[in-house]
Amino acid sequence: MTLTLLFAASDANWAEYAAPLRDAIAQAGLSATLTREAAPDRVDYIIYAPTSPLQDFSPFTRCKAVLSLWAGVERIVGNPTLTQPLCRMVDPALTEGMVEWVVGHALRHHLGMDRHIVNPGRLWDPTCPPLARERPVTMLGMGELGTACARALAALNFPVTGWSRTPKQTGDIPCLHGEDGLAKALSTAQIVVTLLPKTPETENTLNARTLALLPRGAVILNPGRGALIDDDALLAALDSGQIGHATLDVFRTEPLPQDHPYWSHPRVTVTPHIAADTRAPSASRVIAENIRRGEAGIPLLNRVDRTRGY
Ligand code: NDP
Ligand code: OXD
């Protein structure tokens with residue numbers, strides 16, 4: 001039987017994905033037509049980006065799964081018309097990119113690179129930064145991305161503490177959970193990385209109360225989602241010096257509006273949601289593997305739990 005795979009994403013995504021998806025589908029031994037248009041009741045799987053105009057899944061009566069090209073699923077997880085299984089993207093190349101972004105920005109702040117890159121006064125200040133082993137880092141979110149970043153930072157000797165919803169142990173990295181765990185994880189952190197999904201529970205995880213728990217001058221790196229941070233509280237904490245710098249990749253509104261105070265704040269670095277991108281060749285293999293599993297009756301990979309929201 002030839003499967004019908006509906007590609008519901010942008011023109012740019014189609015240009016990037018059509019060939020690698022066809023290759024991956026063939027390599028998985030599947031017979032399938034990959035298309036951008038099909039009668040809904042003929043579609044077997046939907047390959048999906050949340051920016052797609054497709055928002056009503058109810059006519060897709062035969063669809064066995066919606067396979068997201070994005071890791072974050074907050075824009076689709078609560079869609080009441082979506083009754084089909086939803087899988088999010090876990091792409092090894094996306095993880096690799098996130099590790100590079102997090103490690104790069106952590107090292108920038110750890111080594112105080114800015115002082116030497118921009119030094120108009122030609123100041124000769126021979127103060128050496130501490131060693132990584134003296135700079136505690138806290139990773140909020142110890143899932144696919146948080147764990148990979150935590151491991152990479154720990155490999156550089158940063159003392160890393162994780163925080164997640166449920167108790168867990170990741171090798172030698174201690175991981176806390178719950179409200180008390182959060183307070184403890186923040187109390188020593190000189191660098192905090194937020195890699196939580198956006199859910200009703202994680203919104204404003206960093207707020208006036210929790211930012212005040214950090215040691216003075218701590219640095220925030222947020223490649224997770226804008227809503228994880230209360231923006232007004234962060235701006236106040238930056239102004240008071242409680243937070244030394246915030247490097248932000250994600251925002252409540254994207255693109256970040258031109259008049260947003262983050263753009264001009266001397267202690268904020270804005271990167272335009274580029275921390276990590278799904279890469280078409282590896283992501284296509286993940287999608288094809290899930291279709292193969294669906295057809296073989298094997299549990300799908302990276303299935304989203306609708307109740308917990310990620
Ligand atoms: P995962 O689902 O693998 O991990 C999520 C982690 O967050 C888990 O450790 C989970 O805990 C924890 N968590 C969830 N809810 C809570 C809570 N209420 N309290 C404490 N911890 C919680 O996600 P990924 O690591 O793959 O991705 C994380 C996020 O990164 C994505 O949702 C997306 O928003 C963002 N992202 C950003 C990109 C960018 O370019 N800026 C690119 C890709 C993703 P537990 O382990 O107990 O379940
Ligand atoms: C994602 C992202 O969720 O790029 O994949 O933010």
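1. A polar contact here is a pair of N or O atoms within 3.5 Å. By that cut-off, the side chain of H273 makes one with ligand 2: an N or O atom of this side chain is 2.6 Å from an oxygen atom of the ligand. Keep in mind that the model is predicted.

2. The rest of the ligand 2 site is quickly listed. W70, A71, G72, R225, H273 and A276 are the residues around ligand 2. A71 takes part through its backbone, where a polar atom is 2.8 Å from an oxygen atom of ligand 2. R225 uses its side chain, with an N or O atom 2.8 Å from an oxygen atom of ligand 2.

3. R225 also reaches ligand 1. An N or O atom in the R225 side chain is 3.3 Å from an oxygen atom of ligand 1.

4. Ligand 1 has 30 residues around it, and R88, T166, K168, P223 and Y310 come nearest. A polar backbone atom of P223 is 2.8 Å from a nitrogen atom of ligand 1. The side chain of D249 places an N or O atom 2.9 Å from a nitrogen atom of ligand 1.

5. Now the helices. The axes of α1 (residues 11-27) and α9 (residues 280-296) come within 8 Å and cross at roughly 45°. That angle is why α1 counts as oblique to α9. Their crossing is right-handed.

6. On the α1 side, the contact is made by E16, Y17, P20, L21, A24 and I25. From α9 come A280, P281, A283, S284, R285, I287 and A288. By class, this contact has 10 nonpolar, 1 polar and 2 charged residues.

Terms used:
Residues are numbered from 1 along each chain as its sequence is written. Chains are lettered from A and ligands numbered from 1 in the order in which they are written. This is a predicted model: local features need pLDDT of at least 70, side-chain atom pairs count only at pLDDT 80 or more; totals for chains, interfaces and linings use all residues. Side-chain values use heavy atoms; hydrogens and water are left out. Axes are lines fitted to C-alpha atoms, for helices over the stretch in contact, and angles run from 0 to 180 degrees between N-to-C directions. Helices (H or I, at least four residues) and strands (E, at least two) are DSSP runs, numbered from the N terminus. Angles under 35 degrees count as roughly parallel, over 145 as roughly antiparallel, 65 to 115 as roughly perpendicular and the rest as oblique. A crossing is left-handed if the near helix is turned anticlockwise from the far one by less than a right angle, and right-handed if clockwise. Contact means heavy atoms within 4.5 Å. Ala, Val, Leu, Ile, Met, Phe, Trp, Tyr, Cys and Pro count as nonpolar, Asp, Glu, Lys and Arg as charged, and the others, Gly among them, as polar. A residue is near a molecule or strand if one of its heavy atoms lies within 4 Å of it. A polar contact is a pair of N or O atoms within 3.5 Å; within protein, one must be able to donate a hydrogen and the other to accept it, and residues adjacent in sequence count only if both atoms are side-chain atoms.
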